Amino acid sequence: MKVDTETNQVIDPCVYCGRSTAFGSGEGLFVNRIPVDDDWGCAECSGFECDECGKQIYLDCEIRVEYEDENEVFHYGNYHEDCYNEDKHGASAEY
């Protein structure tokens, strides 16, 4: 973790988990860091929460369900690949 030696504070911490997103931090989070207001978020924390299991989904790895069925019922959700079930959650454009 990259820490400022004078202030003993983490450099460019993720606003969600606090790990350093700074270049050369050893965390490997610099490449996929996401701007969050005036700070940074790591890709592990910046994705959606799975609507099935409740765990965090790595950024851009969700299966998204978003459609209106023939009964005019709107279906929406974000799922891990392992949690997604078309019969249960409905059709996804990705599958």
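Among contacts between residues at least 6 apart in sequence, what share join residues at least 24 apart? In this protein the share is 31%, where a contact means heavy atoms within 4.5 Å. The model is predicted, so local features need pLDDT of at least 70 and side-chain atom pairs count only at pLDDT 80 or more, while totals for chains, interfaces and linings use all residues. Residues are numbered from 1 along each chain as its sequence is written, and side-chain values use heavy atoms, with hydrogens and water left out.

**Figure 1**
Starting at the N terminus, the order of elements is β-β-α-β-β-α. Helices (H or I, at least four residues) and strands (E, at least two) are DSSP runs, numbered from the N terminus. The protein is more spread out than a compact globule, because its radius of gyration is 18 Å, well over the 12 Å that the globule rule gives for 95 residues. That radius is taken over C-alpha atoms, and the rule is 2.2 Å times the number of residues to the power 0.38. The C-alpha trace spans about 60 × 25 × 20 Å along its principal axes. Of the 95 residues, 26% are buried; buried means under 20% relative accessible area, exposed over 50%, and partly exposed in between (1.4 Å probe, protein chains only).

**Figure 1. The hairpin of strand 3 and strand 4.**
These two strands pair in the antiparallel sense over six bridges; strands pair if DSSP finds at least two bridges between them. Look for Arg64, whose bridge partner in strand 4 is Asn78. Five residues lie between the two strands, and Glu72 in the turn has a positive phi of about 65 degrees. Glu72 is exposed, with a relative accessible area of 65%.

**Figure 2. Asp60, a residue with positive phi in a loop.**
Most residues other than glycine have a negative phi. Asp60 is not a glycine, and its phi is near 65 degrees. You can find Asp60 in the loop between helix 1 (43-46) and strand 3 (63-68). Is this residue buried or exposed? Asp60 is exposed, with a relative accessible area of 65%.

**Figure 3. Ser92 and its surroundings.**
Ser92 sits in the segment after helix 2 (86-89) and is buried, with a relative accessible area of 8%. A polar atom of the Ser92 side chain lies 3.0 Å from the backbone oxygen of Arg64. Not counting residues up to four places away in sequence, Ser92 touches Ile63, Arg64, Val65 and Tyr84.

**Figure 4. Ser20, a buried serine.**
Ser20 belongs to the segment before strand 1 (34-36), and its relative accessible area is 0%. Its side chain reaches the backbone oxygen of Ile11 at 2.8 Å.

**Figure 5. Cys42 and Cys45, two cysteines in no disulfide.**
How many disulfides does a search of the whole structure find? The search finds zero, with a disulfide being a pair of cysteine sulfur atoms within 2.5 Å. For Cys42, the nearest cysteine sulfur is that of Cys45, 3.5 Å away. Cys42 is buried, with a relative accessible area of 0%.

Key
A polar contact is a pair of N or O atoms within 3.5 Å; within protein, one must be able to donate a hydrogen and the other to accept it, and residues adjacent in sequence count only if both atoms are side-chain atoms.
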